[in-house]
Amino acid sequence: MRLKETYLNAAVLLGLLAVPLFALVTDEPFTITLVTRAVILALAAVGLNIALGIGGLVSFGHAVFFGLGGYAMGILAHHAQTYTAMDFGAFSIAGTKVMPVIWVVAVTLCALVALLIGLLSLRTSGVYFIMITLAFGQMFFYFAISWAQYGGEDGLSIYVRNDFPGLNTLVPIQYFGICFVLLALALLLFHRLQNAPFGLALNAARQTAARVETVGLTPMHLKLVAFVISGVITGLAGALFADLNRFVSPSMFSWQLSGELIVLIIIGGVGRLMGPVIGACVFVALEHLLGGLTVYWHIYLGLILLSIVLFARGGVIGLLTGKEGAHV
Amino acid sequence: MSDPVLDISNLSKSFGALRATDDVSLTLMPGEIHAIIGPNGAGKSTLIKQICGNLRSDAGRVHLMGRDVSSFSTQARANAGLARTFQISELAMEDSVLENVVLGAIGAEARPWRFWRKALDTPALVERADAALDRVGLQGARDVICANLSHGQRRQLEVAVALTLAPKAFVMDEPMAGLGAEGSKTLTGFLDSLRDEAPILLVEHDMDAVFALADRISVLVYGKIIATGTVDDIRSSAVVRDAYLGEEA
Amino acid sequence: MSAILIIEQVLNGLQFGVMLFLMAAGLTLIFGVMGLINLAHGSLYMVGAFAAAAVAGVTGSFVLGLIAALIAAACAGAIVEMVVIRRLYKAAHLDQVLATFALILIFSEGTRWVFGSFPLFLDIPDALSGPVTLPGGIQYPLYRLTLIAIGLAVAIGLWALIEKTRIGIQIRAGENDREMIAALGVDISRLYTIIFALGAALAGLAGALVGAIQSVQVGMGEPVLILAFVVIVIGGIGSIRGAFIGALLVGLTDTLGGVFLPELFKLFMDTGAAQKSGSAIASMGIYILMGLVLIWRPTGLFGTRA
């Protein structure tokens, strides 16, 4: 008996709510933080899933946006906590500790950078696209390392988590709530977008660019817009991730992180609504459980990944529902 | 005499030393089916790509409804009213039949920038798509995933997507390819009824279909048009018989 | 800024470049012939370095270490090809990326498991240590000069292999048409294993040679891997000649940029700021180079297919 995907999706979302609530009752704040981490990684991967799952764009540089979101938060909060202003010569901008403001900055920044990277990268395709996005990731990574003003290699620490009007973000369950709501909104956006004319055309452009051109649409434009939306969501996740750890470092820009975001989607199911969420939960659970058993847990992660690629195309959702993932 | 819908003048394209098309000129008049025939390697595929904007021409111009579209991209030519079908089906194989036709409707209405409302719940798109499916007789397979369609159904779907564009002219690349006798006959009947809507430039190997449908035939050999005329002209032409038909007779 | 410094830095750039070429040659060959993106190529570099360090540590012989590096990397490459990689030739790029990413995790953690987290050290052999005086009175480390020589020798050897030998003809045929070489009666899967092992051996050689001037540790392969990708993207994926030109370009840009950009910036900035922004831009130099090349030619300098 195959599971219906809708039921599976609902169960996952409910589980994601139930675990931290249960942990709240049993007073295990660490579990709440762990689930929050999964939620934020899921959000980042939902963003990537728009470009990769629907649009077929294998971006090996999405850490750029994750890192930009993180550094937007880090830099703004750094200036706020040191009571200094950012000096741009002609004008200066004060820092802030207000999350929504930070998010707006992060999202705007990511949209601009995604537009730029997209314009350049989408001139290429296939392996070249994978490589050029990887190279952009490395570019930001090395830039962050050499940017001594904001901690260079060591990164930036933020003493107190930023504020959200009306909530106490230091209480784990409240911060979880913020992240969960944002994830739910992103999932809603993904779902609507996937079925809207834009998603339908983008999905077709992944499968056959020639057909899309023949009906009078431009695949490049569709993919560019998808890449920007995708980068924005991953960037928002970066800002949340930085706030969860109260720390940003160049590792948020690392190519391993870009790889892990792809891995999350593959584990769950490419192009499927809840693929990134399931992937993130499995990933964080493995990291926690296997990481507790052996320091060499990455070996097992590698073996699991290899088995999924070789034997279980479609990931967890594919296994449970019998539906294959999108072919990228 | 009215103006041609599609006016192709002096198109040429070379790949290195090979002249794939050489000074090709032809017209497509309102209400007509103009067939292009020729042996394999005659340059038919190259010509279609040049007409539809997939390949930049070395020389020559393409006019659609009197408008010079020579510098237009494929997309712009589609928007200007040129609908193409592919010899080897170019369809979104993971998507349903309806989704493939709705894609045509999205293109026809130039509305890809809708991010919220479901495409399949948008009446304007679905009505246009359903109308096209009805006309080619694919309504029964509306929700079938494209990869599961039979070869013949894919050919029908190709035509349905082109129909959604409500084009000024069709360019069809071997629509009969791979169809059985029965399928060819059905499609021949359908194309016959389509000519009043928009004229068809038909590249086809199936001679029965060509002789049944074509108002005019152009024969392309080694990149050059060696003859243009009615079915009877072409049948009785010695030049054509020597260059082409003779091989088969 | 003296001429001696410039020549020294150019030599450093060349040395870096030829080592990148050893990595990039394998990558580009594997992509050109088999159509595979191999992220685990950096792991083979690491395997070579560890094998050399371990064997040289036990025997005291650098040459034995190098031989061990070649053998270990080639064997690791052949095994990986037969067990995993050959299932991926027809797979989508995404699957190849993922599977070889998984291989990196397995190789890295496996090595950490065997050798621990502390770096190993591989000493430069006595015969090659110390500086040598070049014409013009420039003192330059003999070992680095040897690396340049080895790199150039390998480049010439590869060229000869591909242009002049039977297996080279098969490789070139394989790049053009897989079915055709199968029709010629060549055992394709054996040919692929050989090519993969050859690429792996070159990576292992590079790892061992560079291991003597840097520390040998887990994770050493990935930064080099990414640079090698930049090299083959610049050169055009599948082209050995492109890999060679690309490697030298990247090696020189990276080395010279790091030294001269801060100096250049000092002309119109104060020293501290020039140092900072100069090295920041220099660290991104090769990626900027790659971006410019791709804007100009989206399939690289010598690339033909995407």
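I began with R246(A), which counts as partly exposed because it has 17 C-beta neighbours inside 10 Å. For the record, buried takes 20 or more other C-beta atoms within 10 Å of a residue's own, exposed takes 12 or fewer, partly exposed is in between, and C-beta atoms are placed from the backbone. This is a predicted model, where local features need pLDDT of at least 70, side-chain atom pairs count only at pLDDT 80 or more, and totals for chains, interfaces and linings use all residues. Residues are numbered from 1 along each chain as its sequence is written, and chains are lettered from A and ligands numbered from 1 in the order in which they are written.

I looked up R246(A) for its phi, near 50°, a positive value in a residue other than glycine. R246(A) sits in the loop between α9 (219-245) and β4 (247-248) of chain A. Helices (H or I, at least four residues) and strands (E, at least two) are DSSP runs, numbered from the N terminus.

D23(B) is another non-glycine with positive phi, near 60°. I found D23(B) in strand β2 (residues 18-28) of chain B. With 14 other C-beta atoms within 10 Å, D23(B) is partly exposed.

**Hairpin in chain C**

Next I checked β1 (residues 131-134) and β2 (residues 138-141) of chain C, which run antiparallel and are joined by four bridges. Strands pair if DSSP finds at least two bridges between them. T133(C) faces Q139(C) across the pair. Three residues lie between the strands, and G136(C) in this hairpin has a positive phi near 95°.

**Helix α3 of chain C**

I compared the length of α3 (residues 62-83) with expectation: 22 residues at 1.5 Å each should span 32 Å, and the end C-alpha atoms are 31 Å apart, which agrees. The expected span is 1.5 Å times one less than the number of residues. Its buried residues include F62(C), L66(C), A69(C), A73(C), V80(C) and E81(C). What do the buried residues of α3(C) pack against? I get α2 (41-59), α4 (93-115) and α8 (188-211) of chain C.

**Who touches whom**

A contact here is two residues with C-beta atoms, placed from the backbone, within 7 Å. Two pairs of chains are in contact, and A and C share the most contacts. Chains B and C have no contact, and their closest C-alpha atoms lie 15 Å apart.

Between A and C, I count 39 residues of chain A against 39 residues of chain C. On the chain A side, α5 (126-146), α10 (255-268) and α12 (297-311) each supply at least two residues. The largest share, 14 residues, comes from α5(A). That side divides into 29 nonpolar, nine polar and one charged. Nonpolar means Ala, Val, Leu, Ile, Met, Phe, Trp, Tyr, Cys and Pro, charged means Asp, Glu, Lys and Arg, and the others, Gly among them, are polar.

The contact of B and A takes 31 residues from chain B and 23 residues from chain A. On the chain B side, α3(B) gives the most, with seven residues. I note 17 nonpolar, five polar and nine charged there.

**Core**

Last, I looked at the largest nonpolar core, 297 residues, in which L43(A) and V230(C) touch the most other members. Such a core is a set of buried Ala, Val, Leu, Ile, Met, Phe, Trp, Tyr and Cys residues joined through C-beta atoms within 7 Å. Leaving aside neighbours within four places in sequence, V230(C) contacts A135(A), V250(C), I286(C), Y287(C) and M290(C).
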